[in-house]
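Please read them with the structure open beside you.

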Amino acid sequence: MTRFVRWYGSSPLHLLVLIASFALTGYAVVRLFAVRPLDVAIWFVGAAILHDLILLPLYSLADLSAHTVLRHQATPEPQVPWINYLRVPTFLSGVLLLVWFPLIFDLSIPYPGAARLPEGVYLGRWLAITAVLFAASALAFALKLRRVRRAARAAEERPAPGQDAAP
Amino acid sequence: MDSGGRPSAPGSGGPRRPRSDEDHTPGRVERFRDAMAARAATGAAGARALVRRVKQTPPPPGPFRPGFWRSPIRGPWLTSVFGLVLLIGIPLLFVTGMLSYAAYNPGLDRINDQTPDKGLLGFYLFDWPTHPYWLYRLTQGVHVTLGVVLVPVLLAKLWSVIPKLFEWLPVRTVAHGLERLSLLMLVGGVIFEFVTGILNIQLYYVFPGSFYTLHFYGAWVFIAAFVVHVCLRLGRMSRALRSRGLAAELRTDLAHTRPEPPDPDGLVPQAPAPPTMTRRGALTMVGGGSLLLLVVTAGQSIGGWARNTALLAPHNRAPGSGPNGFQINKTAAAVGVNPAHLGPSWRLELRGSRPPLVFTREQLLAMPQHAAALPIACVEGWSTPDQHWSGLRLTDLAALAGLPDAGSVLVESVQPPGPYASVVLRGNQIHDPRSLLALHVNGADLSIDHGYPARIIVPANPGVNNTKWVHRLTFRT
């Protein structure tokens, strides 16, 4: 047993479960790849890397760039964390686009003829939703800024503690 | 650098024969065995040394370095929250998907079966019921809407475990290598399923082959890896969930957001950046994404007033007004129905145990009409509220054809040969009193796009199996 664990790297149960799983995978893969195997393989491997090696680097880079480019505007005003007022509407608008991009960009050729519904409405709707999301975020940020500045001004107007006691 | 682990010179640990023996042959065998054992020992020592040396190879620069991933909220707890949502959602997707497969009655006839090589994967097939009549509307609405709604959670889950993709060494043991191969199937499988499903509901047929086949076999590839992943990670997930309270986490502000304690999986960063978002914020953002998708999608499956809220869903508007103004799957023009075949020359042919009977539409209208309020529910997830159909009961037509106890019926459409131009329905579907060859809907003649002169409507039947433009019914025992 210990020799097995040393050689294999885990318990025999781990191996049994994985073999059972791979057997089922093999059974389904043979059928999945029965027609146009190369194309299906490209799609499957493409699916595996789509998020981890394409989407994630892109959105991480965008996030880091937003941080770097928009950081440190020298203002006398107190600093307010702002990144999430940009992140959240971008994320929300982004997932809508990610899911519904074929309709938004009118990419589906059979759609209007099959459903007898005109395409071309989706881009406007997505843009309108995006506008509402960013406007709501801007409003929330403006309210936050006002609150913080008022608090800062109130703190300024109050006499600094210990002033009278100065020698 | 590790001289102690270097393989010893060949022969240095060679056989040491105690003494020469009278018996020659066993001595030679013994000597051979000793030599082999020694060589094996040397080889094993060498392999161990090599493994040790490989294990000490420093990671290449970039994402493989432990300091590369810096999000302070990444950690087992956050991953487990997303994991728990998927642990509930994905089995629900799988079960509703398998139900949809069964709803097509692929085991009933070759015509219904787009996956004739399914083999054992159809092990669970059963007679798809007609009760409750909204069954398919519910299961498929849940399948599609839930799939769309889980997209942000899936993305968040993948984001939260990204350091694992770049763990160093890429393969540490045989077990580790096999597990990573299984993870390739898991991640490839889940995104393959989500992508094919989401493209199909928008009629964006760019995937390589028939959606039905790809999505069905892809689901089995995925679920095989999913079950293993759950088996191997369930304990870790529940431990991680118990490590922090959800309520407390939802009260924690940015100033008090700290990384989780270091974990053996390396999700928690070794060099965390200052936090810019709380865990509450991350969960709210992801949940908000799901909620927003739900709002702009679900209405197409609920219908009525709610349809207008499905701003981005494919079936979010009525294609027309009046009795025939409800959703259309495929128009007559889209499937290439020749309008000349639907005019006065149209006939319904009825076959069974007697010589074929042929009816004009007027003759059918002269027969006793029956009504049923049934929805159209599509595999794409959208559906209509109940429509008021009227026409002839399939069970009456079976009796007319001389087979009152018919076990199945082949329904053939005027539409050119292709997928769903014909279908076989089962006995339970024929004999449900609400199953009709409909001639009217909502008090008017069927429109061409809804199947004029006559169409099938069967409770709980997937929309595409409610064949339109029917011209022949062949009842069988």
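1. First, a word on naming elements: helices (H or I, at least four residues) and strands (E, at least two) are DSSP runs, numbered from the N terminus. With that in hand, look at Pro453(B), which sits in the loop between β8 (444-445) and β9 (455-457) of chain B. The peptide bond leading from Tyr452(B) into Pro453(B) is cis, with omega near 10°.

2. Some ground rules. This is a predicted model, in which local features need pLDDT of at least 70 and side-chain atom pairs count only at pLDDT 80 or more, while totals for chains, interfaces and linings use all residues. Residues are numbered from 1 along each chain as its sequence is written, chains are lettered from A and ligands numbered from 1 in the order in which they are written, and side-chain values use heavy atoms, with hydrogens and water left out.

3. Now the interface. Counting contact as heavy atoms within 4.5 Å, chain A contributes 62 residues and chain B contributes 77 residues. The size of an interface is often given as the accessible area lost when the parts come together. Here chain A and chain B bury about 6,300 Å² between them, with 76% of it on carbon and sulfur atoms; buried area is the accessible area (1.4 Å probe) that two parts lose on being put together, summed over both. Trp43(A), Phe44(A) and Trp100(A) supply 12% of the area that chain A buries against chain B, more than any other three residues.

4. What about polar links across the interface? There are 24 residue pairs in polar contact between chain A and chain B, both residues being at pLDDT 80 or more. (A polar contact is a pair of N or O atoms within 3.5 Å; within protein, one must be able to donate a hydrogen and the other to accept it, and residues adjacent in sequence count only if both atoms are side-chain atoms.) Several elements give two or more residues to the side of chain A that touches chain B, among them α3 (37-69), α4 (83-104) and α6 (122-157) of chain A. The largest share of that side, 14 residues, comes from α4(A). By class, the side of chain A that touches chain B has 45 nonpolar, 10 polar and 7 charged residues. In this grouping Ala, Val, Leu, Ile, Met, Phe, Trp, Tyr, Cys and Pro count as nonpolar, Asp, Glu, Lys and Arg as charged, and the others, Gly among them, as polar.

5. How many salt bridges does the rule find across the interface of chain A and chain B? There is 1, taking a salt bridge as a side-chain nitrogen of Lys or Arg within 4 Å of a carboxyl oxygen of Asp or Glu. Arg116(A) pairs with Asp449(B), their closest N and O atoms being 2.8 Å apart. Over all chains, the whole structure has 19 salt bridges.

6. A stretch of chain B is worth a visit. Arg180(B) forms a salt bridge with Glu167(B), the closest N and O atoms being 3.5 Å apart. This pair links distant parts of the chain, 13 residues apart: Arg180(B) is in helix α6 (residues 174-201) of chain B, and Glu167(B) is in the loop between α5 (162-165) and α6 of chain B. Leu169(B) is also placed in the loop between α5 and α6 of chain B, and the peptide bond from Trp168(B) to Leu169(B) is cis, with omega near 0°.

7. Lastly, a backbone detail in chain A. Arg36(A) has a positive phi of about 50° although it is not a glycine. Arg36(A) lies in the loop between α2 and α3 of chain A.
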